[in-house]
Amino acid sequence: MKKKGSVLALLPLLIFVVIYIGVSLILKDFYAMSVLVPGVIAALIAIFMKGKKESLNKNLETFCKGAGNSNIILMCFIFILAGAFAEVAKTMGAVESTVNLGLSILPSNILIAGMFIIASFIAISLGTSMGTIAAIVPIAMGIAEKTGISLPLIVGAVVGGAMFGDNLSMISDTTIAATKTQGCKMRDKFKTNFKVILPAAIITIVIYTILGNGVISNLGNYEYSLIKVIPYVGILIAALLGINVILVLSGGIFLASSIGFFTGTLNLKLLFNSISTGIIGMSEIIIISLLIGGIVELTKENGGIDFILNLITSKIKSKRGAEIGIGILVSLVDICTANNTIAIVTVGPIAKDISDKYELDSKRIAGILDMFSCSFQGIIPYGAQLLSAASLTALAPFEIMKFLFYPYLMGISALIFITLFSNKKSVINKYNEKKAILE
């Protein structure tokens with residue numbers, strides 16, 4: 001029997017968003033309150049909200065189960081390594097040398113667009129927006145310092161590029177989840193996806209190029225050391241080889257440390273202090289990730305996710321409506337879970353049922369799941385991507401959101417795709433789907 005779900009179960013997440021946004025708007029200062037405050041309040045409300053058969057101990061157990069989810073713990077570990085790598089690279093001079101090299105090569109009017117393209121390329125290679133943000137944001141900060149470019153603007157370009165690459169990457173969790181749940185091949189989903197989001201990427205590049213026209217970077221000669229750029233080159237090569245992000249970041253720390261000792265810019269004390277500082281700098285995002293993981297598990301357990309799923313599926317009447325419904329479903333679940341992979345895994349089986357009922361093209365549905373989830377994941381202020389970028393730059397997520405042109409345009413492109421381009425499922429497509437499932 002289908003679970004109806006409960007709208008009341010969504011209350012903790014709603015309170016979290018309202019407090020976080022509301023207090024910042026009232027005080028007109030997005031630095032006035034740490035995201036941890038509404039996070040703890042929402043967590044306590046979720047824990048003390050008892051279902052018909054639930055006890056406080058049971059709620060605590062469920063909360064801990066969510067906070068200790070393997071995906072959450074893995075994400076926190078990535079945060080730790082990302083913070084350590086960013087700080088070690090900065091201390092040994094990798095960031096400064098990379099920034100100066102970029103300023104020496106790139107024309108000033110394409111610096112911002114260039115950061116978007118670089119972030120896109122690395123994210124496609126790494127298969128993770130988080131690893132990309134950790135590697136590129138420190139470079140973006142250095143460029144902003146040297147040129148006077150608005151820091152939120154250039155960081156927005158990096159985050160947008162990271163979401164572009166994460167959405168297309170063959171080794172991204174979102175791509176794997178979307179294609180596996182829909183029973184289609186990755187390359188088919190890639191081709192469909194690429195055609196839809198390419199216009200959004202081109203428009204984004206044009207916007208960043210226009211905004212970068214007033215940049216003045218002729219501040220003299222920029223000194224750089226090519227050997228200090230190697231950690232970032234190493235990360236890029238490792239990404240192209242499809243190496244796991246944990247190994248990539250660990251290797252980056254080792255490489256940056258070795259070069260630091262070789263060039264005399266690091267000693268043992270500086271290295272350990274840098275690693276410690278980098279990890280501590282990521283403490284807020286690690287804590288909020290654990291809190292959100294626990295809140296989401298309680299929300300799911302108490303029927304919040306079921307309520308959203310049933311609400312949307314009951315309104316579907318046509319093929320176009322089915323695709324729009326799937327897009328809305330995965331978007332709402334992503335907003336509630338702050339994790340696009342979890343959103344796709346949650347909605348995927350339901351999307352498959354809808355797809356079979358209305359004879360939809362599986363590669364289109366896989367693309368829709370990925371595009372909508374990545375679009376919203378890139379713009380929610382409490383998502384890991386914006387929180388990570390904010391932690392590395394000491395910016396408020398809302399300052400960066402104003403310049404996230406690509407995630408907004410990706411969502412618009414996905415809607416246009418559904419509305420204007422009809423879903424025609426051919427006999428060949430059906431054959432390929434069955435073949436993909438068997439494989």
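These legends accompany close-up views of a predicted model.

View 1. Helix H12 covers residues 245-263, 19 residues in total. From first C-alpha to last it reaches 27 Å. That is close to the 27 Å expected at 1.5 Å a residue. Buried positions in H12 include Val 245, Ile 246, Val 248 and Leu 249. Further along the helix, Gly 252, Ile 253, Ala 256, Ser 257, Ile 259 and Gly 260 are buried as well.

**View 2. Asn 59 in helix H3.** Helix H3 spans residues 56-67 and contains Asn 59. The relative accessibility of Asn 59 is 1%, so this residue counts as buried; the cut-off for buried is under 20%. A polar atom of the Asn 59 side chain lies 2.7 Å from the backbone oxygen of Met 49.

**View 3. Val 159 in helix H8.** Val 159 sits in helix H8, residues 151-168. Its relative accessible area is 0%, so Val 159 is buried. Neighbours within four places in sequence are left aside here. Val 159 is then in contact with Ile 133, Gly 378, Ala 389 and Leu 404.

**View 4. Val 159 and Met 115.** This view pairs Val 159 with Met 115. The two residues are 44 residues apart in sequence. In space, Val 159 and Met 115 are 9.6 Å apart, C-alpha to C-alpha.

Conventions. Residues are numbered from 1 along each chain as its sequence is written. This is a predicted model: local features need pLDDT of at least 70, side-chain atom pairs count only at pLDDT 80 or more; totals for chains, interfaces and linings use all residues. Side-chain values use heavy atoms; hydrogens and water are left out. Helices (H or I, at least four residues) and strands (E, at least two) are DSSP runs, numbered from the N terminus. The expected span of a helix is 1.5 Å times one less than its number of residues. Buried means under 20% relative accessible area, exposed over 50%, partly exposed in between (1.4 Å probe, protein chains only). A polar contact is a pair of N or O atoms within 3.5 Å; within protein, one must be able to donate a hydrogen and the other to accept it, and residues adjacent in sequence count only if both atoms are side-chain atoms. Contact means heavy atoms within 4.5 Å.
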